[in-house]
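Dear colleague,

Please find below the structure that I am handing over to you.

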Amino acid sequence: MENLRYQFISTIVLCSLLFPHMSWGDEFPAIYNSETSTEAVMMPAEQAAATMQVPEGFQVQLYAAEPEVQNPIAMAWDDRGRMWVAENFTYAEGTKHFELALRDRVLIFEDEDNDGKADSRKVFTDKVQMLTSVEVGRGGVWLMCPPRLLFIPDANQDDIPDGPAQVMLDGFKVGTDSYHNFANGLRWGPDGWLYGRCGHSCPGLLGTPGTPQEDRVPIEGGIWRFHPERKTVEVLCHGTVNPWGHDWDQHGELFFINTVIGHLWHMLPGSHFKESFGESTNPGVYERMDTIADHYHYDRTGSWQDSRDGAANNYGGGHAHIGMMIYQAQQWPEQYRHQLFTLNMHGRRANVERLDRDGAGYVGCHEPDFFLAEDPYFRGLEISVGPDGNVFVIDWSDTGECHERNGVHRTSGRIFKICYGKESTPQPLPKPYCLQGEGKLPTLWKQYQAGETTPEMLRSLLQDEDEHVRVWAIRLLTDFWPLDTLMGPKPNAVYPDDPDTRAELVRLAREDESGLVQLVLASTLQRLPVEHRAELARELVQHKAFAHDKDLPFLTWFGLIPVGEDFPMELVEVAQKCQWPATMKWIARNLAANIETSPEAIDALLASAESMPHELQESILFGMNEAFQGWRSAAKPSHWDRFTKQSFVENHPAIVRDLSTLFGDGLALEEIRQIALDRDADLKMRMTALQTLIDARPDDLRSICEKLLSQKMLNTVALKGLALYDDPKVAENLIKNYRRFEQTDRPSVLETLVSRPKFAKVLLDQVEAGKSQIGLEVITPFHARQIASLNDAELTKRLSEVWGELRDTPAERQAQIAMLQEQLQPNRLSQADLRAGRGLFRKTCSQCHMLYGDGSKIGPDLTGAQRSSLDYLLSNILDPSGIVSKDYRMTMLMTEDGRVINGLVVAKNQKSLTIQTPNEQQTIPLDEIEAMQETTLSPMPEGLLDKLSPEELANLFGYLMHTNQVPLPEGFE
């Protein structure tokens, strides 16, 4: 409903822009503050500037402040040296997301006498909403108003729109949960494209208006760009969390800032970057690229959530970074030239990074922080070089972080100017700043934007002595070649026929020793037709100097993913030349995963492996092992036996034994059977062996599992094997041995007992008869719902007779919420036993959630949630399916052997999927799934609080709402 609401309102906003007669009127809605009480006291604007700590020789001036500017979210510069500011008033607290009774606006400030203070202020437009960014150029003003990119023409630059706004792009989704991840960051690049950013929790399908769904470009976090004349959009990289700042260095390399996980990234088209949770939706992306920073701005031994409130000040301030610039002007001292600056939200400071070359690419090294703001309301959102070479910082001016959980303080806002030395004469600002000057690169970029370059001229630059010129010659030669999307090549992609350029790229891959050139060539793989990729990759992977590079093996593999699907024997040829262990592993994994359709390819790789170094042979083994996770059997490659006679296998007997079993080796299977049953063998080895037997499904599997059912730890694995048999005697045996399971493993027994109608009937019958080791009290509403989902009318009737009716209406949930609100008053929570509460969290919640670094990352990390709000906690615990984002929707599986499994799908490939139930993860082959349905429900079990006493409830909620971690109670590890 929230998304529909946003779409409805944004349509009204858009109509008023497209059709001026549909005016909202001249009256701008009154701005109001929605923040709740706070202990922090806002400094007056002048005092905030005066108390800001900066290095010697620098001064901080107040360029503008409330009421002239309020809630500034972004800024840009025009070619007259004027500052354009986007004000956002519609962004609201988490319970509301957006206040759509308000509007946003775009302002123009000018310092006419260059005294560091704005002398004039104009309103360009005040009829937009959900405004995150502004940029000026190409005949008008560009506004990012998710879900749309808008263009308001102003060709005569009179600061009055020439006509209605035009929708240039749409499809930028605004998430219902992490809505602060929405699209932002408009900036012109040196290539003449308009660049932007988007967070991973606001995935979208981008295209010009009217683009069919199948032709749109998917985005799930990362950097995108749009060409105004060609009307082309590309998503350049994928992943991270919430990038909110980027810039180009003097060589035109794009770096961007991120939050939560690694903070600094080098943008190379085609990259797949790590995210805070989950896996890539592209099944061929097995692992992802990491931050280029060699440090973090918080203590990584704990949770990133612990970096708030000054806890990370000794590390750089915390996990949240917003705004970024690479200083390239002349006004500041030389030591700051080419340094990267970013604003650290919780640290109220500017972090500084030194960009050094490292391997093929770059590493970000921590330099001393540049400034520190004393005002507790300081929330810097953007930092930018101004026309006189000094630096400007916009301040949202609020106490809440990006989630705004305590409301929004809209009536304040500041813009600071940080100056060094005497005031200098303002100069026209290039866009981006790296276009400044007359060197080779600025000249090339200007010529390219003016249409003055030719392919012949650009190919000649591939011989230039400067690696950065060669890099940009590659980029500009292939600038309009179609780039792979998140899921691979576009089905309807049209590639240019340019054999001369392709031949030069192959020559460079073979001869050029520059790691940066090699990186850009690897990136360019994803702009080539699939049939031409192996030719280039064969040259790239031979450079031993980059065998363990942190980026190049990844980027090369990302370009090779479709080669494995379309031309597997060409991928083998790449492997035969490959000197990089990581890329070799991914090639082997891909070829092994496709053994059913192209068995000759993995066999050819194994044949070639005999002459490879041990490290590469190990990579092949590891890749095959990963590929066959979740498989029951596979045809044995003809060269497998010879491959396993290599000396390196002595270090990996378990992997070789498991794969041999998978390939139907009876001797290996018997050895595994003996290990599983050997009471003197290592327990972990026995558990692994038993799991291998379960995957292999020998005829005597049931009897083996039954023999091990009484042995603790092993019985948790045996349980998985017995779950395969649709026989009520299995259920009777499980119930009989229930107490032999560890306390923490008993929920998995219950989960198994409610997965089949025959099992559930035995359970209910024995519970009713009072003969079971399982009491009625341990059967939760989740188990009852699971039984009901089996769709057996007689069984549902028995459930009602034994357990009770499933009554769970919205009214009843609201009544329960109201009752607990009354029960969990602040005076009661203040007396809670927090250590006992943590123990309850460990038993009840930690299988899926993390809090203060403790628990699992299956569901959302609760540390950053609105835990100070009892209403928020109660509504999400008692009504978990009220609002569920796409990342956390429950899926119902029915397997061929008759089980019904409800849980969260956490991974899926072409052969299997992994589902997280409330108690465990299960990997199930796709061909064993009879039906699968994604629901709108949360996998979080309902009724979690039903069995807790009033004291336990107070302890649990007291812990959940506490601001710090506490020790575990006695008896917990």
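This is a predicted model: local features need pLDDT of at least 70, side-chain atom pairs count only at pLDDT 80 or more; totals for chains, interfaces and linings use all residues.

Residues are numbered from 1 along each chain as its sequence is written, and side-chain values use heavy atoms, with hydrogens and water left out.

As background, most peptide bonds are trans, and most residues other than glycine have a negative phi. Helices (H or I, at least four residues) and strands (E, at least two) are DSSP runs, numbered from the N terminus.

Cis peptide bonds

The bond that joins Pro 146 to Pro 147 is cis, its omega being near 15 degrees. Pro 147 sits in the loop that runs between strand E7 (140-145) and strand E8 (148-153). A cis bond also links Lys 431 to Pro 432, with omega near -10 degrees. The loop holding Pro 432 lies between strand E27 (414-420) and helix H3 (440-449).

Positive phi values

Val 260 is not a glycine, yet its phi is positive, at about 75 degrees. This residue belongs to the loop between strand E18 (254-257) and strand E19 (264-266). Val 260 counts as buried, at 10% relative accessibility; buried means under 20% relative accessible area (1.4 Å probe, protein chains only).

Ser 397, likewise a residue other than glycine, has a positive phi near 65 degrees. Its place is the loop between strand E26 (391-395) and E27. Ser 397 is buried, with a relative accessible area of 0%.

Yours sincerely

Key: Buried means under 20% relative accessible area, exposed over 50%, partly exposed in between (1.4 Å probe, protein chains only).
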